[in-house]
Amino acid sequence: MTLSKRDRQAAVGLVRTNIEMLSETETNALLSLKSEIEEVTLQQLIARFADMIDKALPEARWQSFLMQNSFILSLAFAVPALMVEGQAYAGGKRLSGRGGAVTDFLCASASTGSLAIVEIKRPSTELLGANPYRGDDVFAASAELSGTIAQLLDQKLKLQRELPILKEASERYDIHDYGIRGIIVAGRTPEGNARRRSFELLRGAMTGVVVITFDELLARLEEIHAALGARPECTPVPTPASSII
């Protein structure tokens, strides 16, 4: 049966207004419903992500998408991370007020507050040069990737210099410079063994900068979705003694 929009809203409202009672009497059903909602929502997000990758969308569209679904960016971190600000000022203005650096996203470790700058490019961004640099199996970083790395390093330097002032002005005393990291989300994993090897050698040699491709982020989302689908059924919760007649 397909519910109308009004009926769907009524069903959601009914659950919300009775959530406490349901948590006491229908614990297993509520947990199962939560799991199913998470799985369906993630499945829809994956489908949207996969559709966007195949379109020639501008960087601004990707920045907006990731701002709305900021947890995707946390998949680029080795530890749980939180978004601090989108289009964040990183410092560097001259006396004229010009020349300031603006990052796509400013994130922080959820546990330590250590900052990271995230730069978003496009899935179509070329990560390696079109032609081999040496022989036929050694490829250098593309001009666009090299330029993005230089831009990110400049933003890190300016943020490190001005962070105490920015923290004071914004009253954000929970963010810190414990070695500001840089993360670049760009392009897709190169095709062919030689190009993939060159790409891995390049990003493996980087210090303080991590490059992750759009298809790698998508793959991580798909892994999470697969794990949700493989979760064992919830263990029945014993009925509270007070509710036993």
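Guide: Rings of Phe, Tyr and Trp (its six-membered ring) pair if their centres lie within 6.5 Å; planes under 30 degrees apart count as stacked, over 60 as edge-to-face and the rest as tilted. By this rule ring pairs join Phe49, Trp62, Phe65 and Phe214 into a cluster. The model is predicted: local features need pLDDT of at least 70, side-chain atom pairs count only at pLDDT 80 or more, and totals for chains, interfaces and linings use all residues. Residues are numbered from 1 along each chain as its sequence is written, and side-chain values use heavy atoms, with hydrogens and water left out.

Visitor: How many aromatic pairs are there, and why is the pair of Phe49 and Trp62 called tilted?

Guide: The count is four aromatic pairs. For Phe49 and Trp62 the ring centres are 5.4 Å apart and the planes are at 55°, so the pair is tilted. Phe49 belongs to helix H3 (residues 27–53) and Trp62 to helix H4 (residues 59–68), so the pair ties together parts 13 residues apart in sequence. Helices (H or I, at least four residues) and strands (E, at least two) are DSSP runs, numbered from the N terminus.

Visitor: How do you know whether Trp62 is buried or exposed?

Guide: Buried means under 20% relative accessible area, exposed over 50%, partly exposed in between (1.4 Å probe, protein chains only). Trp62 has 0% relative accessibility, so Trp62 counts as buried. Trp62 also forms a tilted aromatic pair with Phe214, 4.7 Å centre to centre and 55° between the planes.

Visitor: What makes Asp54 and Arg188 a salt bridge?

Guide: A salt bridge is a side-chain nitrogen of Lys or Arg within 4 Å of a carboxyl oxygen of Asp or Glu. The closest N and O atoms of Asp54 and Arg188 are 3.0 Å apart, and the two form a salt bridge. Asp54 has a relative accessible area of 61%, so Asp54 is exposed. Arg188, at 37%, is therefore partly exposed.

Visitor: Which salt bridge does Arg203 form with Glu216, and at what distance?

Guide: The closest N and O atoms of Arg203 and Glu216 are 2.7 Å apart. Arg203 lies in helix H7 and Glu216 in helix H8, and both residues are buried. Glu200, Arg203 and Glu216 are linked in a network of salt bridges.
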